Amino acid sequence: MASLSKAGTALAALREDLAGDVFAPGDAGYDEARTVFNAMIDRRPAVIAQCADEDDVVRAVRFGRELDLNIAVRGGGHSVAGMALNDNGLVVDLRRMHGVTVHPGAEAVRVEGGATMSHLDRATQPYGLATTGGRASTTGVGGFVLGGGSGWLDRWCGLAVDNLLGVELVTADGERTHASADENPDLFWALHGGGGNFGVATALTLKLHELPEFAIALLLYRPEAGREVVRTFRDVIESGPVEAGGGVLYLTAPPEDFVPPHLVGSLVCVALLTYAGSEEDLRKVAEPLLALPHEAEIVGGMPYADVQCMIDDPPGMRNYWSAEYLTGAPDDFVDVFCALAQNMPVPTGTQHVLFPLGGAVADGPAEYPVPYRDSPWVVHPFGIWADPADDQRCIPWVHDVRGHVRPWATGAVYLNFIGDEGADRVRAGLGPENTDRLAALKRRWDPDNVFRFNHNIRPA
């Protein structure tokens, strides 16, 4: 740590030089600048640099290195594990860098490192183009993509990293570099799942796909019908086209217009079938689900960018997530999955989710560090609640779900779905052989482990 006089001089220079804003404790706006999506996270950085452009990122990283400050990087989205903040260190905050440039002729898009899915999807929608994004409009593009990237479109057009064409980075030395299949290919490989370990991603270029129509079937069932609903959803996906995706879940029925008043605040089972195509084709695929007795439905064509907003969770809630990737979803698993819903904390925002993979996910490039690619299903216990007193209900329930579905688990995991669960889970999220190669690349690109506030890969 630098002397107080040196630190004061450097901070004054950073305030002067940065095109964006700089916050330190005591500054107006500091508390707002350090607030993240997950209300369980309460950290107090020494400096928050809200960067306006890549030059600002370079200045901020060099400032942090000069003062020997721990450096955390905040992208555009959730940081549920709190890794976008630290105590007494520097936060490089990219949220002001959210520009999106669509190149429709090339079917590609350049997205700045602080953009959210809403920025991306709203920019590509007018062209009838899209790419795999997170399942909420508030997800940050950078962390989502570099962590692998699973969403409503992945069965149809692959994981987000399968659509990654290039990354613009600021390295641990405060230098600019670029990674693509032709330039720094080893680094480019590492960015296909290795997260923020190798630098600050100031922009990403992604492949786009023609998506002139999109449709959904959102069906609400009583919880006692859950086993039949989950099995039917499984069969629809496994026998259907790759254009079909979505998820089946249990949740507390929200006070929405389409929800019958007598169900609001109680446990319900929901099937969300998404379709990269027309309503007419969706209805053919969804027919078995529509035939089951249900309490409410929304069926029809809807812009993809609007669907991305449908299950946005509000900021300021308490969040604890995890996941297990599965070898399959046989009937005995379905029985266990549905039984676990009976102990789910209700009423809270908590969700008990089963997502399908397969399709283009399974068929994608095998060489990337995404070892969950061949799992056809994933269980995602998604704890979200408001009252700190519910910590003792919600967190143990998430662990309980993981424990009970483990007989069907592959051991691999998508790191964006989990918080800080230790080094073994990071290794499970990258694959053992991949982890060793990534550690060697970390030694080359970040030997001092400057970028450690993440699912960390230690230099080796």
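Biologist: What percentage of the 460 residues in the protein chain is buried?
Modeller: Buried residues come to 58% of the chain. Keep in mind that this is a predicted model.
Biologist: Noted! And how does the radius of gyration sit against a compact globule?
Modeller: A compact globule with 460 residues would have a radius of gyration near 23 Å, and the protein chain has 22 Å, so the two agree. Along the principal axes, the C-alpha atoms fill a box of roughly 70 × 50 × 40 Å.
Biologist: How many helices and strands are there?
Modeller: The chain has 15 helices and 19 strands.
Biologist: What share of the contacts with a separation of 6 or more comes from residues 24 or more positions apart?
Modeller: Those pairs account for 72% of such contacts in the protein chain.
Biologist: Let's switch to a helix pair. At what angle do H8 and H9 cross?
Modeller: Roughly 165 degrees, with the axes of H8 (residues 226-239) and H9 (residues 279-291) coming within 9 Å. Angles over 145 degrees count as roughly antiparallel, and H8 and H9 are therefore roughly antiparallel to each other.
Biologist: Is that crossing left-handed or right-handed?
Modeller: The crossing of H8 and H9 is right-handed.
Biologist: Which residues make the contact?
Modeller: On H8, they are Val229, Thr232, Phe233 and Val236. H9 brings in Val285, Pro288 and Leu289.

How values were computed
Residues numbered from 1 in each chain as written. Predicted model: local features only at pLDDT ≥ 70, side-chain atom pairs only at ≥ 80, totals over all residues. Heavy atoms only, no water. Axes fitted to C-alpha atoms, helices over the stretch in contact; angles between N-to-C directions. Helix = DSSP H or I, 4+ residues; strand = E, 2+ residues; numbered from the N terminus. Parallel < 35°, antiparallel > 145°, perpendicular 65-115°, else oblique. Left-handed = near helix turned anticlockwise from the far one by under 90°. Contact = heavy atoms within 4.5 Å. Rg over C-alpha atoms; globule rule 2.2 N^0.38 Å. Buried < 20%, exposed > 50% of the residue type's maximum accessible area, 1.4 Å probe, protein only.
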